[in-house]
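Hi everyone, thanks for coming.

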Amino acid sequence: MEDIFELLVRAVPFLLQGTGVTMSLVIGSLLIGFFLGVPMAIGEVYGGKTIARIIGIYVWFFRGVPILVLLFLFYFGLFNLIGLNLPAFLSGMIVLGLRSTAYQSQVFRGSIQSLGRGQMMAAESLGLTRTGAIIHVILPQALRLSIPGWSNEYCILLKDTAITYAIGVMEIMTRGNFIATTSYRPMPIFLTCAVIFIILTYGGIHLLHVLERSVRIPGYDERTKEAIY
Amino acid sequence: MEESRGPVLRVEDIRKSYGDNNVLNGVSFDVKLGDTKVIIGPSGTGKSTLLRCINHLDIPDSGKIFLNGEEVHGSKKNISKYRRQIGFVFQDFNLFDHLTALGNVMLGPIRVLNMSKEEARELARTELDRVGLQDKADLYPAQLSGGQQQRVSIARTLAMNPLLILFDEPTSALDPELIGEVLEVMRNLALSGMTMVVVTHEMGFARSVANEIIFMENGKILEQGPPNKIFYQPELERTKRFMHKISELYGREDREPQVAENQDNERRDNELEDDV
Amino acid sequence: MVEFDFFREIIFPKLMEGTLMTIVLIVLSVIPQVLIGILIAVGRVYGNKVISRLSLVYVVFFRGTPLLVLLFILYYGLPTLGIYLHPILAAVAGFAMCGGAYQSEYIRGAIQSIKAGQMRAALSLGLTRTRAVLFVILPQALRRALPGISNEITYLVKYSSLAFMITVIELTGAGKIIAGRYFIYTYIFTLIAAVYLVLVSVVTRVQKSLEVRYRYPGIESGGR
């Protein structure tokens with residue numbers, strides 16, 4: 001038992017550095033997904049049939065293809081094809097980000113649509129332009145409604161970062177594997193990795209709960225209970 | 001088999017509280033074979049809770065229930081044995097949504113009485129016929145009206161061949177024009193000798209079908225007796241006031257012909273002048 | 001980009017084998033996954049304090065842990081405890097346990113959406129709790145959970161690719177090997193992406209037809 005303890009003491013800092021990498025991946029991908037996903041959702045709802053169809057194809061592709069395949073496709077395939085020589089970390093973030101865009105755009109789309117036409121009609125009847133209405137009326141509400149969906153996306157992304165192991169990103173999983181193979185003690189190491197992920201997952205969920213509560217609009221409750229994702 | 005001479009159901013000093021709220025404060029009564037007991041009283045006085053205590057859907061805090069002389073235990077193993085002998089008709093029907101009317105009536109016989117599917121189907125058709133719904137056998141609850149659903153629910157309890165049936169405000173959730181069809185079934189049941197305990201506000205039914213009326217308030221039985229007595233010569237002031245209120249709400253002429261004689265009418269009118 | 005003969009002789013057979021293995025993995029994992037989901041969900045809703053809490057712990061652990069970590073534990077970790085699992089078995093076990101946790105959440109939601117009166121009516125007929133759950137609650141809950149369950153099976157299709165990480169040569173693995181050998185990554189993985197898209201559509205189509213087949217009137221509102 002003692003040497004396991006020693007091993008863990010030495011391993012944890014190494015793993016925690018991996019945590020830094022993992023969280024950067026998560027946050028980076030979430031942000032990419034957010035800043036691409038919101039416009040995408042707006043485009044899908046307000047942009048007309050053709051745009052909606054194109055977006056539909058994008059979403060269908062990035063939701064239907066496994067992450068591992070996407071990683072291989074981009075990192076070993078497409079990036080090389082274009083001549084882009086991106087490091088694994090960046091590639092991973094881009095791929096995860098593109099996929100998150102697909103999911104997040106659907107979450108936002110659902111939120112926007114759950115608001116109903118009334119909000120837009122009222123805004124326009126006041127004289128707001130489409131853009132203005134979207135920015136000042138639709139988005140503030142839709143964003144709040146999407147926080148539960150964000151929570152879900154965070155959980156999924158966090159776990160998917162482990163898959164970037166396959167292209168050599170030095171996140172938790174890769175480091176864990178390294179220690180496990182060099183120390184011949186896979187069980188305690190992998191279990192520790194599992195625990196780290198669990199803590200990150202539920203810690204993140206908790207933070208998002210706090211966020212949700214802090215921006216809550218009084219009395220808005222029941223309509224937001226609709227399952228958006 | 002020896003005929004049991006004692007009551008089919010004996011309820012002894014049932015008490016139940018939810019937190020500070022004393023819903024039942026010592027209720028006792030007997031039900032003999034073939035009785036139709038109707039329990040009336042202001043809302044929220046524990047009438048429904050009482051019924052649910054009888055078949056242990058709610059567990060009484062103290063007191064005893066005897067079914068045909070045997071005490072009803074709350075133990076998980078035995079309770080099913082008792083429940084299958086007691087039929088329960090709910091205010092909101094509670095038909096199994098995923099089964100047809102026929103399926104609903106068949107479930108109990110198959111899964112509790114271990115009948116074969118064919119036997120159960122035969123039995124179910126007979127019972128559905130008895131409540132007048134043989135042609136609705138293959139419809140789902142969502143496709144039936146409230147009155148039809150409740151009748152299926154009665155057929156469902158009949159299929160179990162129970163010793164007695166408890167009715168918990170069976171018509172309260174029904175649209176007015178559908179109440180009659182359910183009361184008709186219940187009346188025929190009573191006339192055919194089924195032992196029944198009914199909680200209801202339907203005074204016409206109570207007056208014409210019950211052989212005893214129990215008036216409850218605040219978790220206690222205030223007065224009980226045959227319909228003639230409770231309706232026209234109640235002992236307690238409180239009973240009188242309640243009956244008057246109810247008659248106001250539901251109309252004295254109701255769904256059944258008048259039973260009282262002219263003399264009684266006069267006396268009643270005089271009394272009412274005093275109270276009001 | 002690639003000659004047809006080359007494709008036919010070399011690529012196609014290998015990819016077919018891989019696809020077959022992927023399908024095998026999926027088929028073997030679906031039933032255990034759903035069964036675990038049902039068990040855990042029932043445990044959480046109807047179990048006593050101990051069972052309920054254990055079920056919760058199960059869900060927290062298997063939803064919070066990445067599938068990859070779980071697979072590594074099963075395939076590389078267990079041998080140190082003397083348990084040697086065949087890679088396919090380890091993969092299926094991982095998919096079943098992990099997916100089961102997610103399935104249990106869908107099924108639990110469905111169970112809790114069923115009116116309380118259904119259980120009461122079942123009990124009042126004399127059904128034991130177990131039988132009531134089996135014959136009244138679950139038939140309704142499973143139908144209601146069908147979209148969620150299928151969604152999870154879609155995830156199963158996609159995450160089956162991780163089996164490659166524990167040496168199972170399914171579709172993605174076969175692709176990587178060939179692509180690596182001949183440097184045709186883009187080509188191969190575009191093909192592979194297409195296959196997965198087809199597999200996912202199949203699952204969706206099956207789900208839709210199951211939903212129609214097992215529908216009963218009133219399912220949305222849960223009756224009146």
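Across the interface of chain C and chain B, the rule finds zero salt bridges; a salt bridge here is a side-chain nitrogen of Lys or Arg within 4 Å of a carboxyl oxygen of Asp or Glu. Seven residue pairs are in polar contact there, both residues at pLDDT 80 or more. A polar contact is a pair of N or O atoms within 3.5 Å, where one must be able to donate a hydrogen and the other to accept it, and residues adjacent in sequence count only if both atoms are side-chain atoms.

Quick word on the source: this is a predicted model, where local features need pLDDT of at least 70, side-chain atom pairs count only at pLDDT 80 or more, and totals for chains, interfaces and linings use all residues. Residues are numbered from 1 along each chain as its sequence is written, chains are lettered from A and ligands numbered from 1 in the order in which they are written, and side-chain values use heavy atoms, leaving out hydrogens and water.

So who touches whom? Chain C puts in 24 residues and chain B 27, with contact meaning heavy atoms within 4.5 Å. Together they bury about 2,300 Å², 60% of it on carbon and sulfur atoms; that's accessible area (1.4 Å probe) lost on being put together, summed over both.

Now the helices: the axes of H4 (residues 87-112) and H6 (residues 129-159), both of chain C, come within 8 Å and cross at roughly 145 degrees. Axes are lines fitted to C-alpha atoms over the stretch in contact, with angles from 0 to 180 degrees between N-to-C directions. Helices are DSSP runs (H or I, at least four residues), numbered from the N terminus.

Note on methods: Helices (H or I, at least four residues) and strands (E, at least two) are DSSP runs, numbered from the N terminus. Buried area is the accessible area (1.4 Å probe) that two parts lose on being put together, summed over both.
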